Amino acid sequence: MSPRQLRLGAFMRPVSIHTAAWRYPGSFPDANFNLSHLKRFIQKLEHGKFDAFFMADHLAVMNMPINALKRSHTVTSFEPFTLLAALAGVTERIGLVATASTTYDEPYHVARRFASLDHISGGRAGWNVVTTGNPETALNFGLEEHVEHGERYRRAREFFDVVTGLWDSFADDAFVRDAESGIYFDPAKMHTLNHKGQFLSVKGPLNIGRPVQGWPVIVQAGASEPGKQLAAETAEAVFTGGGTLAQAQALYEDIKSRMDTLGRDRDYLKILPGAFVVVGDTLEEAQKKRDLLDSLVHYDSAIAGLSVILGTDASKFDPEGPLPPIPDTNASKSGRDRLVEYAAKNNVTVRQLAQRVGGYGGLSFVGTPATIADRMEEWLVTNASDGFNIMFPFLPQGLDDFVDKVVPELQRRSIFRKDYEGRTLRENLGLPRPKNRFFEPAGAVKAAE
């Protein structure tokens, strides 16, 4: 029996999650907003047989003080669909995953954009379903305050049903294009959705043919209780926050067991923690790289980053004191809870906690290609993950180090592909093509029900 295979995505907006990445010696300061650089990055990732290029998105400038904001390389980034459509033209196999908000967008827009991207790329699109955590976004969409957390997830569930219903507007063989008879499509193979629900009213049909993959791959990133349930019901890949090995194993089993209850096949959902990876030829070299990178983080950025994750202004806290009680807000709950738990367990000061998250405070693999592969293999074989969304410390060096040094080590262990299994993102992830709920071809399998 062949060993389980790692799935690898690349988290690429921002191109590095680390606050100081753009300042690292030899890095491209404009890497986050330079098309030539981004073409180079995705082609290198495809050379390394990565499953997907993952584009997060923000619908507002991050809510942090100007002294911190002026140091952030995330202030300017391309709109994901525009960029991924351009990158589709310079790649052939790597998946193209974009974030689209269920809170601040409309399902018809989302369905149309992803269907277009899937056709343009030949079946490589993926939708990262988010409810949007940044409260500042509300102010850009006619609201005075962020939509309540539970309501965001209830809307998201209905939103998913509408988008996937719109993707199923046409049967796969609806467009006959018979020039002799003058029949372009068969009206009997077009479905009008006529959805009227608690949050949404959408007539349909979508004015674009069914996506190449049936549906683009569904990705989700929430780890709160509503988020885990939404993932179990709808997702085919989940971007998690990492944590310890034991925490990851518990989260993995939690989501997969919910799938069991729903009658979904566990193999049809890939759990991919974000992993920040720094590669060196020796452990000492790798740690020196990380230390240099962290030393470039200004305290203004550190405390601002902490404020964003906690959903409250941490600059008012005593830097040398313990983390005070954090009020419940409409910001992302899972990230806040992990930090609060870490602070209590390790008895750190606010300053120490800020410095930890100021660059990047999540799951990190810092070491040689062999030690990094050891940890990835451990997470895979102990059911802590199905792979990882790799976060690079700086670019291009950090990306090149991973592709040139870590990927061959994973391939040598026979836990990562040497070539792509297919042409679509679904084929490469080992996911079935969803059946059309209105026009069901014989033998088709629905991936998320």
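Buried means under 20% relative accessible area and exposed over 50%, with partly exposed in between (1.4 Å probe, protein chains only). The views below show a predicted model, in which local features need pLDDT of at least 70 and side-chain atom pairs count only at pLDDT 80 or more, while totals for chains, interfaces and linings use all residues. Residues are numbered from 1 along each chain as its sequence is written, and side-chain values use heavy atoms, with hydrogens and water left out.

**View A. Salt bridge between Glu 409 and Arg 412 in helix α13.** A salt bridge is a side-chain nitrogen of Lys or Arg within 4 Å of a carboxyl oxygen of Asp or Glu. For Glu 409 and Arg 412 the N to O distance is 2.6 Å. The two residues are three apart in the helix, which separates them by about one helical turn. Arg 412 is exposed, at 58% relative accessible area, whereas Glu 409 is buried, at 14%. Helices (H or I, at least four residues) and strands (E, at least two) are DSSP runs, numbered from the N terminus.

**View B. Network of salt bridges.**

**View C. Salt bridge between Arg 351 and Glu 320.** Their side chains meet at 2.7 Å, N to O. Arg 351 belongs to helix α11 (residues 350-359) and Glu 320 to the loop between α9 (299-310) and α10 (333-346), so the pair ties together parts 31 residues apart in sequence. Arg 351 is partly exposed, with a relative accessible area of 34%. A search of the whole structure finds 34 salt bridges.

**View D. Aromatic pair of Tyr 24 and Phe 394.** Rings of Phe, Tyr and Trp (its six-membered ring) pair if their centres lie within 6.5 Å; planes under 30 degrees apart count as stacked, over 60 as edge-to-face and the rest as tilted. The whole structure holds 23 aromatic pairs. Tyr 24 and Phe 394 are stacked, 3.8 Å centre to centre with 10° between the planes. This pair links distant parts of the chain, 370 residues apart: Tyr 24 is in the loop between β1 (7-11) and α1 (35-47), and Phe 394 in the loop between β11 (387-391) and α13 (397-412). Tyr 24 is buried, at 10% relative accessible area, and Phe 394 is buried, at 2%.

**View E. Aromatic pair of Trp 379 and Phe 388.** The ring centres are 5.9 Å apart and the planes stand at 55°, so the pair is tilted. Both Trp 379 and Phe 388 are buried.
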